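Subject: Structure handover

Hello,

Here is the structure for your files. My notes on the salt bridges and on one helix follow below it.

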Amino acid sequence: MSSRTTKRFRKNDDANQRTVSMDSVDSVMSNSADSKDDPEFTHTIPTLVAELFLRNLRNISILKTCRLVCKSWNFEACKSLRVFSKVTLEESSSRFNDFSKFIVTKSLGRLQHLPSPFQNFHVQGSTLTDPTFIEFVLNIPITGLILQVDDEDDGPALNQQQLRNFLAANKANITNLEISTWLNRRFEFDKNSANDAIELACLKRLKLQDICCSCNHIQFWQNILNTCKPECLDLYIRDKDSVNFLLPQDKAEHLKKLELSLRKISRKSWNHLGNLKFVGLKSLSFRTQVSVSTLDEDDIRQWRSFCRNVSPVLEEFESNLTICWEPEMIFPNLKSIEFQKLNDDKNLLSSLTPCRFPSLVKVIIGFRMPVSIIVENEIPHRGVASLDLLAINLRFEENDSINEDLILLLTNMSRQFPKVSSLKLSISTFFRTTLPDIFESFPKLTTLTLDGNCDFSCLAGMSESTVAEYLERGLPIEKIPRRKSITDFMELHTINFGSQVTVDPFMIRHCLPRVPKLRQINFCWNKDISGPLLRDSIGHLQRIFYLTGIFQCMSLSGQDRLLYTQKICLTILNFGRNFPGCFIYLAAVTADMCVL
């Protein structure tokens, strides 16, 4: 190799090690075209790197840096970034105005020839009457539309012509469509355009929410369904006969996910549902305001037929309507099942057997107080590893009856599912006896989720005043007489505190460090928590998920919201300094920040 070639290679190596600023991007691009380097080296090596590295790279930060290296890397990195991008444009919002100005500035500036990293545009609108918004979205490919026609009496009506124009312009792009209507006066369907069917060939997910008292939109929904084959269908309808038209057999055969929320169901609709056949349905959610006790024999027979038809293919099943079990009804592939009304089916646990559900691993059950459970012919299901118990009652106070009900519930659950390693309990209020009852039923939990009003005494099995008294006397906290508590779970490595649990410094300082195998906690931010406190008390953990700003920012606006966002940013920076060796996930959920 000649000395001239060697110097040229060294020059290229030095150039690749330097970081190119945004101001010099144009000069780099122009110089790359006039380069006198060896053509074989210049074109082959960057192309191979782009194909093997950039096209498969999924680290967004590195991709953004790679855009600054050279022109070819910029193009390849933008292709990968577009896979992750999702741009939401909301009608008549300040964010839309800012984004549209940014796009116009880029298209007219010196960076207009650079590729765009934006893709997957999603539109949210209510009336489609903003001319600037309409003009913008009609000139870009849209993959998602969420149209919420609200119930404001004095607002403008939906512009149906613009809706048709929008759907026609994006019929080859749109994959997700959601339309919610509340009052007819905001969406007076134009019957003259009932036959103007728009073919949406790429539509994969369709959600139709119609709560009109006297609905006349069925023909409009039918027009959409007749020209597409969605894989996911979500129907929330008030009319008792609409399901016959909106869920025909040819559409049911292509569904992978179905969510049905029906206020009432007519005899004709029950007959239709009972005759449907599903081939590839994996997830089903069925909700209605009727109960089995109000159905006659014919309706129950059709409901049983519907469950029998979906049983061979389902992997996830949720229903608030009691299932009428049959001995031959088997769900061979079902992995997750959710019942929202345990009290309506006293024999539910007896039906959840390994013979009927051989693949079941997760059970979600909603219950009311008082609990009434009858277990006949107990056959434990040892394959269930995850159990969620959700109290439907809004509030209840501690008394002997409530405690006995919780013991009854937990005991029967542990007998039916003896191998549960992950438990979620969501109740309005935790008592000092709740965690001991959980430990008595499930002593080998590895993951525990608590959501409700839970103070230090409920979690630790002793009061704060007792702890303070012992510490003042210089006595070890291990000597304090107490009930069974969170610290007695010897296998517990993950604790999740829901949004209703206020984690206070006493819990962090005197309770959580004493959980032997704890490695991860999830909890919500509050003003009493600080980085040094967590570092000194639970700095040994591997992961800390710290959720901030959900409820605090909901009532803020303007300058207060901005100040709150700045406070969250400082919190994130301080946590990063206090935990150099621990993975910390801080989710800042405000209108001004993204999820980190």
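There are 13 salt bridges in the structure, which is a predicted model. Side chains of opposite charge can pair when their charged atoms come close.

One of the salt bridges joins the side chains of Asp296 and Arg267, with N and O at 2.2 Å. Arg267 belongs to helix H12 (residues 267–275), while Asp296 sits in the loop between strand E8 (283–288) and helix H13 (297–310), so this pair ties together parts that lie 29 residues apart in sequence. Both ends are partly exposed: Asp296 has a relative accessibility of 31%, and Arg267 has a relative accessible area of 38%.

Arg267 also forms a salt bridge with Asp299, where the closest N and O atoms are 2.9 Å apart. Here helix H12, holding Arg267, is linked to helix H13, holding Asp299, across 32 residues of the chain. Is Asp299 buried or exposed? Its relative accessibility is 9%, and because buried means under 20%, Asp299 counts as buried.

A further salt bridge pairs Arg287 with Glu318, the closest N and O atoms being 3.2 Å apart. Arg287 is in strand E8 and Glu318 in strand E9 (residues 316–319), so distant parts of the chain, 31 residues apart, are linked. Arg287 is partly exposed, at 27% relative accessible area, whereas Glu318 is buried, at 15%.

Salt bridges with shared partners also make one network out of Arg267, Asp296, Asp298, Asp299 and Arg301.

Now to helix H8.

Which residues of helix H8 (residues 160–169) are buried? They are Gln160, Leu163, Arg164, Phe166 and Leu167. These residues are on the same side of H8, because the arc they cover around the axis is only 160°. An α-helix has 3.6 residues a turn, so residues three or four places apart point the same way.

The buried residues of H8 are covered by several elements, including strand E2 (121–125), helix H7 (131–137) and strand E3 (142–149). Strand E4 (176–181) and helix H9 (218–226) are also among the elements that cover them.

At the N-terminal end, H8 is capped by Asn159. A side-chain oxygen of Asn159 lies 3.2 Å from the backbone nitrogen of Gln161.

Regards

Notes: Residues are numbered from 1 along each chain as its sequence is written. This is a predicted model: local features need pLDDT of at least 70, side-chain atom pairs count only at pLDDT 80 or more; totals for chains, interfaces and linings use all residues. Side-chain values use heavy atoms; hydrogens and water are left out. Buried means under 20% relative accessible area, exposed over 50%, partly exposed in between (1.4 Å probe, protein chains only). Helices (H or I, at least four residues) and strands (E, at least two) are DSSP runs, numbered from the N terminus. The arc is that of the directions from the helix axis to the C-beta atoms. Contact means heavy atoms within 4.5 Å. A polar contact is a pair of N or O atoms within 3.5 Å; within protein, one must be able to donate a hydrogen and the other to accept it, and residues adjacent in sequence count only if both atoms are side-chain atoms. A salt bridge is a side-chain nitrogen of Lys or Arg within 4 Å of a carboxyl oxygen of Asp or Glu.
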